[in-house]
Amino acid sequence: MKKTTIAVSAALAALAGTAGAAMAEWPERPVTIIVPWSAGGGTDATARAVAAELEERLGQPFNVVNRTGGGGLVGHITIANSANDGYTLGVITIETTMYDAQGIPGAAPENFTLIGRFNADPIGINVRADAPFETANDLVDAVKASPGDIKASGANRGGLSHLAWAGLLNTLDIDPEASPWVASDGSAPAMQQLAAGAIDVVSTSPAEARSLVEAGEAKTLALLSGERSEAYPELPTTNELFDISWSPLPFRGLAGPADLPEEVVAILSSELKAITEDPEFNEFMDSRGFSVAYQDSETFTKTVSDSRSNLVDAMKAVGLAQE
């Protein structure tokens, strides 16, 4: 009897060891990373950089797939609805804090496992290089003087780019509808619309506007922020220009569907931290104008929660949230 008990215990221990080894070997096959925004934009560029680093460090392909539509909703819901085995992840953005307030279920922060943040950059106000606006004050004055004439874009209606611009106008006691919003699938197509003259303003980060700015086709007038950016110290903030307090800060973070295995989260969080400390990754991000702003899973989860509270209040103020 004693021998039988010992044998059973040994077999169970062996099985436990095998199970642990199997999980420790994650990933055992290619991993998909969903990007809810279009190719060529900032989220896509940074996601591909993170994916390349993960592939090198973990020894399996990390394939980036763009799932656009619905102002990021399609991609975010795809991430949330994926099997929680660690083989479909995604890069989530601040829009996840706003869908519920618009009556859209399925892509709220609690629908995800938040692994870590790797980037956070303020939004900039961008216009064509030949636009007759030298400052953000000039642009706002034009909106006030000619309601309906100054068209803006950056992403979907109700997304952060829209909310950032509309919230600025609202804070300045200007009807946000005085600057009609033209929906797009992200910053890259919006910047192309700006260059083509189809719209007048793009609300997006300076990094995402950088290529057209450097090509002499666009200029960034100001940051929608309370603090000047270390990456763009020459750019004034709307808070200092207008003596207001309005600072929506977008983020990019690695996430998966809810209830990812703790072992997978631990591996990914550790690797993401190492990536954000890697000099080559930092050099790449700096060369593209993106900040590196790591937060671990716990801190990132709190940041997302705080962002949701602040943005929902702002959305109600501009009529973009359900009461």
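**Entry 1: Ser184**

I began with Ser184 and placed the residue in the loop between α5 (160-171) and α6 (187-196); helices (H or I, at least four residues) and strands (E, at least two) are DSSP runs, numbered from the N terminus. Before going on I noted that this is a predicted model, in which local features need pLDDT of at least 70 and side-chain atom pairs count only at pLDDT 80 or more, while totals for chains, interfaces and linings use all residues. I also noted that residues are numbered from 1 along each chain as its sequence is written, and that side-chain values use heavy atoms, with hydrogens and water left out.

Is Ser184 buried or exposed? I found Ser184 buried, at a relative accessible area of 11%, where buried means under 20% relative accessible area, exposed over 50% and partly exposed in between (1.4 Å probe, protein chains only). Its side chain makes a polar contact with the side chain of Ser153 at 3.4 Å; such a contact is a pair of N or O atoms within 3.5 Å, and within protein one must be able to donate a hydrogen and the other to accept it, residues adjacent in sequence counting only if both atoms are side-chain atoms. When I set aside neighbours within four places in sequence, the residues in contact with Ser184 (heavy atoms within 4.5 Å) were Ser153, Gly154, Ala155, Asn156, Ala190 and Gln193.

**Entry 2: the sheet and its helices**

I next traced an open sheet of 5 strands, with mixed pairing and the order β2-β1-β3-β9-β4; two strands pair if DSSP finds at least two bridges between them. The edges are held by β2 (62-66) and β4 (112-120), and because each has a single partner strand, one side of each is left without a neighbour in the sheet. From one strand to the next the twist averages 25°; axes are lines fitted to C-alpha atoms, for helices over the stretch in contact, and angles run from 0 to 180 degrees between N-to-C directions.

Within the sheet I looked at β3 (residues 88-93) and β9 (residues 251-257), which run antiparallel and are joined by 4 bridges; Thr93 stands opposite Arg252 in β9. Helix α9 (residues 262-276) lies across β3, β4 and β9, running at about 0° to β4, whereas helix α11 (residues 297-317), which also lies across β3, β4 and β9, runs at about 85° to β4.

**Entry 3: salt bridges**

How many salt bridges does a search of the whole structure find? I recorded 14, a salt bridge being a side-chain nitrogen of Lys or Arg within 4 Å of a carboxyl oxygen of Asp or Glu.

Arg308 and Glu110 meet through their side chains in one of these, at 3.1 Å, N to O. Arg308 lies in helix α11 and Glu110 in the loop between β3 and β4, so the pair ties together parts 198 residues apart in sequence. Arg308 counts as partly exposed at 26% relative accessibility, and Glu110 also counts as partly exposed, at 49%.

I then returned to Arg252, which forms a salt bridge with Glu208, the closest N and O atoms being 3.1 Å apart. This pair links Glu208 in helix α7 (residues 206-214) with Arg252 in strand β9, 44 residues apart. Glu208 is buried at 18% relative accessible area, and Arg252 is buried at 7%.

Finally, I noted a network of salt bridges that links Glu53, Arg57, Glu271 and Asp278.
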